[in-house]
Amino acid sequence: MSMTMKLHYDVSGDDFTRAGEASGKVKAKLRQLGIDPTAVRRVAIALYEGEINLVIHAGGGEIDVEISPEEITMVLTDQGPGIADVEKAMTEGFSTASENIRSLGFGAGMGLPNMKKYTDQMKIDTKLGEGTTIYMTVKL
Amino acid sequence: MTISDVKNIVSAEIICGEEHINKEVTTAFGSDMMSDVLAFAKDQCVLITGLCNPQVIRTAEMLDMICVCFVRGKRPDEDMIALAKERGIVLMATEERMFATCGKLYEKGVRGGESK
Ligand SMILES: Nc1ncnc2c1ncn2[C@@H]1O[C@H](COP(=O)(O)OP(=O)(O)O)[C@@H](O)[C@H]1O
Ligand SMILES: [Mg+2]
């Protein structure tokens, strides 16, 4: 195996039932590589929350994952509406999700806080009307 | 106890994963909000929920849970069953409500486990 491995996934914005497919594949891959189960779970949860956000808030997007012996980096990119107030969005319980999304089990406003909690580094680049890129790192 | 004991205690019906029902269960987490499960669950074996869509199976998958118990008579569809089978997750369904399901399991020694 080369020193780093790169994975790329396109996430469709119009199929909620498939949201999480990419995260599931990443999780299976990390497991297969024999990476520490706690790290695998942290990556899986953070990425899954991010993937759900791509689907419910941004009309879809892309996920890039890089696995090196030192760390796992995840980059989620979308051309959605962007986030008006990042600090507010990072607050536990803050959500703009519709009642419909809530009835699907999400939209509790815990996604971004969860992503921060389960990763070692997280950075959000966003511009209203242009989109959002979220960078996350889990150290191994 | 085992998944099989859980099934008996809450009068559930096994929907798939019969081959895994002898796996050990010590802890469970009950919620209809998957974000809460992702935020607060840690090392729980069983997810008890009244929500019934593929994201329930995905959530269990991300948290390495081995069993999902649907309450209030909710029945997973074919796609959800296929997802669960692929991942070796046992699905069961009971007519009981959330409170009674959790209470019966608690009474028999299942605990909420550690949070965070
Ligand atoms: N990729 C994104 N594009 C646009 N807005 C987003 C994105 N991710 C999150 N948000 C905004 O941040 C809020 C908080 O996100 P999150 O904590 O995941 O909670 P939830 O998804 O439950 O609403 C969302 O309600 C939404 O307004
Ligand atoms: Mg979210």
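Student: How many cavities of 30 Å³ or more does the count come to?

Tutor: This is a predicted model, in which local features need pLDDT of at least 70, side-chain atom pairs count only at pLDDT 80 or more, and totals for chains, interfaces and linings use all residues; side-chain values use heavy atoms, without hydrogens and water. Residues are numbered from 1 along each chain as its sequence is written, with chains lettered from A and ligands numbered from 1 in the order in which they are written. On a 1 Å grid over the protein atoms alone, a cavity is a set of points where a 1.4 Å probe fits but cannot get out. By this rule the count of cavities of 30 Å³ or more is one.

Student: What is the volume of the largest cavity?

Tutor: Its lining, the residues with an atom within 4 Å of a point, includes B:Cys16, B:His20 and B:Lys85. A volume is the space filled by probe spheres set on the points, which are joined across faces, edges and corners. For the largest cavity it is about 30 Å³.

Student: Which helix gives the largest share of the lining of the largest pocket?

Tutor: A pocket is an open set of points with protein on both sides within 12 Å along at least five of seven lines. The largest pocket holds about 570 Å³ of space. Of its 33 lining residues, those closest to the centre are A:Asn53, A:His57, A:Ile83, A:Thr96 and A:Leu112. Seven residues, the largest share, come from H2(A).

Student: Are H2(A) and H3(B) roughly parallel or roughly antiparallel?

Tutor: Helices are DSSP runs of H or I with at least four residues, numbered from the N terminus. The axes, lines fitted to C-alpha atoms over the stretch in contact (heavy atoms within 4.5 Å), with angles from 0 to 180 degrees between N-to-C directions, come within 9 Å and cross at roughly 155°. Angles over 145 degrees count as roughly antiparallel, under 35 as roughly parallel, 65 to 115 as roughly perpendicular and the rest as oblique. H2(A) and H3(B) are therefore roughly antiparallel.

Student: What area do chain B and chain A bury between them?

Tutor: The contact takes 22 residues from chain B and 27 residues from chain A. Buried area is the accessible area (1.4 Å probe) lost when two parts are put together, summed over both. With 52% of it on carbon and sulfur atoms, the area is about 2000 Å².

Methods
Helices (H or I, at least four residues) and strands (E, at least two) are DSSP runs, numbered from the N terminus.
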